[in-house]
Amino acid sequence: MPGSATATADRDVAPARAGLLISVMVIAAFVMILNETILSVALRDLTVDLQVSTTTVQWLTSGFLLTMAVVIPTTGFLLERFTPRQVLLASLSLFSSGTLLSGLAPGFEVLLAGRVVQACGTAMMLPLLMTSVMRLVPPERRGATMGTITIVIAVAPAVGPTVGGAVLSSLGWRWMFWIVLPLAVAALVVGLVWFRLDGNPRKVPLDLVSVLLSAFGFGGVLYGLASFGESSGGHPVPPWAPISAGALALVAFTWRQTRLQREDRALLDLRPFTHRSFVVALVLTALLFVCLIGAGSIMLPLYLQTVLHTSTFVSGLAVLPGGLVLGLLGRPVGALYDKFGARPLVIPGATAMAAALWLFATLGPETPVGAVVAINVLLMAGLGFMMTPLMAESLGVLPDHLHSHGSAILATLQQVAGAFGTAVFVSVATLGSAATSPGPDASGLRMAFVVAGVVGVLALTTSLFVRRAADRPPSPAAGLGH
């Protein structure tokens, strides 16, 4: 089986060295993902400083997500064609270059280009991190290690607005890049000196047709979803047009991959979808990210600022405790997964998530900030009990040669689900608000949280399909030896 020998050799790496390699990637990925949302609180200042409209400046965040969704599907190919060391150094070099370009940007166009280059580097790092854990860590310890990745994927976006608000309150927006740049360069130097995971790359041919279909497919869907919030402002292209074109491209992309994977030449191998546990975990992860990004990262700060009239800095601080809880739960929940499996953790987590989302629907102009913080902590605790087990469960059932493709599928879906949640909740909040309101008001936001509550109930129902530990098939890696 392709990749089995490589995985076996990788697991012979000394535990201390394996821990060092993973730590290097975790720190680098944290800096990268932090940068994904750090600009969200600076959009108002950027509008004035760069002299562009609000609908234009928001592409500094949407363009970052869009680029990631386009690049991530190619990482399955990259991780087979190049060594982990080569991918890591390319990722950090791109991110550092994009950060420097953004900090020096004289105008919006150059700043957007810098963000796109940053996103290319970030997109390569996430699947590399997940795939390396599956290669370096034996199955009985993967849950605890995956808990560390939870800190990167979930906590960094959660604390991004807090860090951004703190920087913006005393320094200009360029300092958001000048502070990140030394960290990125330091990670690049550490990776260059210490990272020695070479693997056995295969000379897999690059199918350019698949690359184009992937870019048009995921790019079109993400562009359309991001455009929903602008459609009421006379956006030149109706959102359904790029979404429809993207969906057709994805159908063609899927058809082509099923043909190419018979010869082991697929850009993104879709055979992970033949594993039931992978599909269930993937659906739950999508629903989770719809709520994490759409409700937790977008709607909640919007409620704090527009309904409770808190400052940018205070709204950033209000969501910080939830982000910290999510991070602190990562490794303990991962250790529990190693002992008990996913089901005893995911079902209570989905219950807490659904309860918190319905509690958000009760918020109003008189709600104290402390109550909002408490409900957000409940939401993040629920997500914390779900995220690590779902990542470990989804990838743990795959054979070694599909880990890189499974990681790419999982990371792509997270971006699409986050954009979908943002588009849906912003649209519902806008439609539910008074016509005279300049933006979403209390009634519109309540309607959006009700929709989020329905998504929470759907996630709770889906969690019942997670298999018990005793019902799971043995790990495909179990017979390889460690």
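## Nonpolar cores

A nonpolar core is a set of buried Ala, Val, Leu, Ile, Met, Phe, Trp, Tyr and Cys residues joined through side-chain atoms within 4.5 Å; buried means under 20% relative accessible area, exposed over 50%, and partly exposed in between (1.4 Å probe, protein chains only). In this predicted model, the largest nonpolar core has 126 residues, of which Met 125 and Tyr 303 touch the most other members. Helix H13 (residues 276-306) gives the most to this core, with 18 residues. Another core, of 16 residues, lies apart from it and includes Leu 50, Val 57, Leu 60 and Trp 173.

Leaving aside residues up to four places away in sequence, Tyr 303 touches Leu 308, Leu 363, Gly 364, Thr 367, Val 372, Leu 445 and Phe 449. Contact here means heavy atoms within 4.5 Å.

## Basis and confidence

The model is predicted: local features need pLDDT of at least 70, side-chain atom pairs count only at pLDDT 80 or more, and totals for chains, interfaces and linings use all residues. Residues are numbered from 1 along each chain as its sequence is written, and side-chain values use heavy atoms, with hydrogens and water left out.

The average pLDDT (the predictor's confidence in each residue, from 0 to 100) is 81 for the protein, and 87% of the residues score at least 70. Residues 1-9 stay under 50, with 14 contacts beyond four places in sequence in the model. Residues 475-482 are also below 50, and this stretch has 21 contacts beyond near neighbours in sequence. Where pLDDT is low, the predicted coordinates should not be read in detail.

## Helix H5

Helices are DSSP runs (H or I, at least four residues), numbered from the N terminus. H5 (residues 59-71) spans 17 Å from its first C-alpha to its last, close to the 18 Å expected at 1.5 Å a residue; the expected span is 1.5 Å times one less than the number of residues. Of its 13 residues, 12 are buried, among them Trp 59, Phe 64 and Met 68.

Ser 394 lies in helix H16 (residues 369-396) and is buried, at 0% relative accessible area. A polar atom of the Ser 394 side chain lies 3.0 Å from the backbone oxygen of Met 391. Beyond four places in sequence, Ser 394 touches Phe 278, Ala 281 and Leu 410.

Phe 278 is buried, at 0% relative accessibility, whereas Phe 273 is partly exposed at 41%. The ring centres of Phe 273 and Phe 278 are 5.8 Å apart and the planes stand at 90°, so the pair is edge-to-face. Rings of Phe, Tyr and Trp (its six-membered ring) pair if their centres lie within 6.5 Å; planes under 30 degrees apart count as stacked, over 60 as edge-to-face and the rest as tilted.

Definitions and conventions. Helix = DSSP H or I, 4+ residues; strand = E, 2+ residues; numbered from the N terminus. Polar contact = N/O pair within 3.5 Å; in protein donor to acceptor, adjacent residues only side chain to side chain.
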